[in-house]
Amino acid sequence: MLLILATAASCRGTATPHSADATADAHPATLKVHVVCHSHDDAGWLKTVDQYYYGANNSIQVAGVQYTLDTVVQALTANPARKFVYGEMGFFMRWWAQQDEDTRALVTQLVEDGQLEFVNGGYVQHDEATAHYVAMVDQTTLGHTFLRKTFGAVPRIGWQIDPFGHSATQAGLLSAYAGFDALFFGRADYQDMAHRKNVSALEMVWQGSSSLADASIFTGNFISGNYGPPEGFAFEWADPPIMDDPRLDEFNVHERVDAFVEQCQRMAASTRGPDIMLTIGSDFQFANAHLQYKNLDKLIRAVNSDGRVNAFYSTPEAYVRAKHAYKESWPLKQDDFFPYADFPHAFWTGYFTSRPASKGFIRSATSFLQAARQLEAFMGLPGKEAGPTTEALEEAVSLLQHHDAITGTEKQHVACDYHRRLHRGLKYAQAVVTSALEALIRGQDRPGRDTGGVAPDSITLDSSTGSDAYVAASQRVLQEQPNPIDAPITLEICDWLNITACNTTVHLSSAGKGFMVAAYNPLGWSREVPLRAPVSSSTACAWAVTGPENEAVTAQLLPASPSTHDLQQLLAGVNATCPTTFGDAEVAFVARLPPLGYSTFFVQPASGACAGRGSIQSNAQDASLQTDVDNAVDKEQYVSLDNGFARLEFDTHTGLLHSLTVQDTKVQMSMHLAWYNSSDGLETQENRGQASGAYIFRPNGLYNVSSEGSGEGWWGTLLRRLGIGSNQGDPIVQLDIVRGDVVLEARQMFANWATLVTRLYKGQSQVEMEWTVGPIPFADGLGKEVVVVYTSDVDSKDEFWTDANGREMIKRTRDYRPSWELNVTEPVAGNYYPVTAAMYVQDAGKQLTVLTDRSQGGASLQSGQMEVMLHRRTLADDARGVGEPLNETACGCLACDCPGLVARGRHWLVLAPREEAAKPRRTLQQELNDPPLLAFSAIPREVGSSNADGGRIGLRRTFSISEGHILHSNVHLLTLKDTGSSYLVRLAHLYQEGEDSILSRPTTENLNAVLQLLHYQEVREMSLTGNQLHADMQRDRLRFDASNDLTTSWLHDASVSHASNGEGGDSGRSGSGRGIARQAVGRPQQRQLLLDDSAELARLRAGAQIIDCHGGCAVDELLVTLKPMEVRTFELVYRPN
């Protein structure tokens, strides 16, 4: 975080003398200066969150949040005119828990009196580039829930003052749909700000969504580009105090008033109307609130006595009300604020990728949290101190959405602290999952469920039965078994599956024993998903898998890749995990899983010949392989992988991908690894001084990974490989081909520290690409930023699309900004955008997409090309405050004798005809983001035995929380959480307007059918964060009119025709418009789902959204319609058992 003191600006007026408790109404014709006191408290950055709270480790930074809150409360109590705003609930909640009842009563009164106002109100101030929208919503909800329960407070202002760029999702979903009246931030591109200052458009109406109705938000960009006080008025940073005794030689009141008024006048020249907002405060300010307020009291009195402006303590909420009272139109903004640059050669696009392993850990933990909550909600929260909950993981995931956590821009010791917290929370949530699955598999049921003691129907299925029949069978109501299995089942969730390591499976397989895999699907759809289980191949060369109905499931044993072996040894060498858990092979199979449910699979050594063992081909002359080597790769120029859905062709001479075909759509394409040399900031020209670092990406040349040190730029090598120029001297990428009945793999080694494994799974049309990068070598003294480049013949010209936090796809144009004329100073870094989940290029006939499993930076630097940054290791600091190079090691230390960090992740490539591309892209994006949870155990002994009169003792091999009800393919169950008194439920429409001719239409879901196993007596529709009734939010939220458009192009491809309202979803249900309707039972022909906007708003304001279910809501009654990109939130109040 770069702490730049704001040089705020101003305007001149006339006024009469005024006291320190002046208000805006006292002088209606005068420039009104809203003095807003605040402290921006980072939840970790240079110090850990604990150190920041307690004021520890002040040798790094003097900061102690507890002292800020202590002294602010005292100072506010001393003068009722004073006000203060605060945003970081993670700190406030901790402080609140430590206060006595008298202090709590005092603070409650300050909130009620409007002296203490909460802005944003999230657990942290989240990042907007690298955070996924699910986690953004969750962390905001955590803070908003505390405020509602503690004070009955509902934040009205978005306060994203420090993130390094701003997303459309923040404007539409996280602001307007959270009930905010306005959104304020500090940072925006220096060219953008210069343009908007000139046209008085620093305050605007931001329409962040092309799909969501009523998603515009009044938005203010602080004129300083930061959020600190005006220059010379940072009293806590040793700026001159107000010396108001005229007997003093250093009496400075007149000079201070003149300086203050001058800055206010300058600010007003770039805004509209007679009101301006002046922020007083910055990072960890007001730890000495008495010093701040005493000087501000004096300044306000003196300024008002001078009469040119009217200054008074205020809040952002009061300021917005004043602006709303103008009743005028404001400039309209329709794109986003990425990428952000604060100087010509300083683009903050490196943090899109910084600390990639951390970003992957956070994303997977976020997904795990959603799944664990589902099981926790179904099984019921344990009594106080009776067992583990998901609370610790919720807090950890929320904490790591902070804009110096998920961004990777914190000091190394802080990153380690974050990861310890996330790991600790994950262990608690894993215990929730395993205990729930163990109970369900053993035949137990959720506490309080009235089962009547009836045994469950078995689910019978032969191998010829279709998936619909399988799902129907798994949908049956499962009730308490009279004789649940009495053998203990101890499930293990393995943290190191991505390096072929798992204690349970490896130990059992090394002893020649089988094991059980329990796979839980958190999606509201049934799915077929490839699973891989680590094993030791020392006792068996083939394995058999049986499904939940004892049906045979095709399985394949494939050896671990050389890069996996290397990674295992590296982690063992730094004591990261135990070598005895390492497998040398994996059993792969494709599992069919019910919606919101699990199935179990038995994996056992197979007798007879090793028919399930895959074969390997290699183009390496000295290949040393664990299975027979077929030298066919050396005999043919092209080798293909074909699973019946997709076909890959590799050039055996170069080892590179040559083409991809999915059904009838084909592209010529190549994948390659390259690295940018990180600028060290020592150039001697005009750009001297700016290095690549944790925040900033500033490249200094691009090089081929596999020909390191050759002196040839990578582009020249690539052109030759594509047939342009001579083929002589082409470097060979080692290519190994693994074939089998379940998965086909192409393993490419570009260097001993950089590999790609490309996979086609049985029955799957997407191409999985697993990348492994590191330890990035630095003995040559060069920082390196590693990218994978997908080059194709897609005629995309200068256009490409990236997602906004996993939601809407936004059109990007190379070397162009929609809202202002761009002066290109960094042609590579300036074209990088955040890729949270997806990126694609397209032409008239086809669309090629890259889906990511974590946030990364991406660009399209030429037609048909997509470039995604995978890993970074820089040797210089970029001078933006963190004070460290981005030099991660496997030990989590700096300047130590330890190998560099290895990062491993996955991309999915999706190729489809352009008009059909949205469906596979959206579906697969959700499946990649929410993989099934896997747990492993020994196979229980009593399976199949019958040693009791009550009947067969067995396992509940499959189960669905939704009783098998399947959501439409364009609807996602975003949240199912037990709050202790109710269930918080969110449904999300996954498509944006015009994206698909069918699936972009409104869709109606039966909420009760999905959740009928839960017990609730009342349903309320709430705001996005659940802190107020949706009707109240709609009624109370301020809306601003917009006029001239700052944006010259829209957010997504306008050439796709917009779908009209009508039938939506893939089952053709009727429904459009917004509504939660209670159907008239027995009169389906009179079902009324469609409400025009005015009628619906009147109904919502009347409170009709609250539905009474005391007598039990019938299956068909709770019908919820979702429009494109809409997220709807419901509170289902408990019904006593």
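How many cavities of 30 Å³ or more does the count come to? The count comes to 14. This is a predicted model: local features need pLDDT of at least 70, side-chain atom pairs count only at pLDDT 80 or more, and totals for chains, interfaces and linings use all residues. Residues are numbered from 1 along each chain as its sequence is written, and side-chain values use heavy atoms, without hydrogens and water.

**Largest cavity**
- A cavity is a set of points, on a 1 Å grid over the protein atoms alone, where a 1.4 Å probe fits but cannot get out.
- Grid points are joined across faces, edges and corners, and a volume is the space filled by probe spheres set on the points.
- The largest cavity has a volume of about 190 Å³.
- Its lining (residues with an atom within 4 Å of a point) holds 20 residues.
- Asn221, Phe222, Ile223, Met267 and Met277 lie nearest the centre.
- β7 (216-221) and β8 (275-280) are the elements that give two or more residues to this lining; strands are DSSP runs of E, at least two residues, numbered from the N terminus.
- β8 gives the most, with four residues.

**Three-stranded sheet**
- An open sheet has the strand order β14-β18-β17, with antiparallel pairing; two strands pair if DSSP finds at least two bridges between them.
- β14 (527-535) and β17 (555-559) are the edge strands, each with a single partner, so one side of each has no neighbour in the sheet.
- β17 and β18 (residues 585-593) pair over five bridges.
- Leu557 has Val587 in β18 as its bridge partner.

How values were computed:
1 Å grid on protein atoms, 1.4 Å probe; cavity = no way out; pocket = protein on both sides within 12 Å on 5 of 7 lines; lining within 4 Å.
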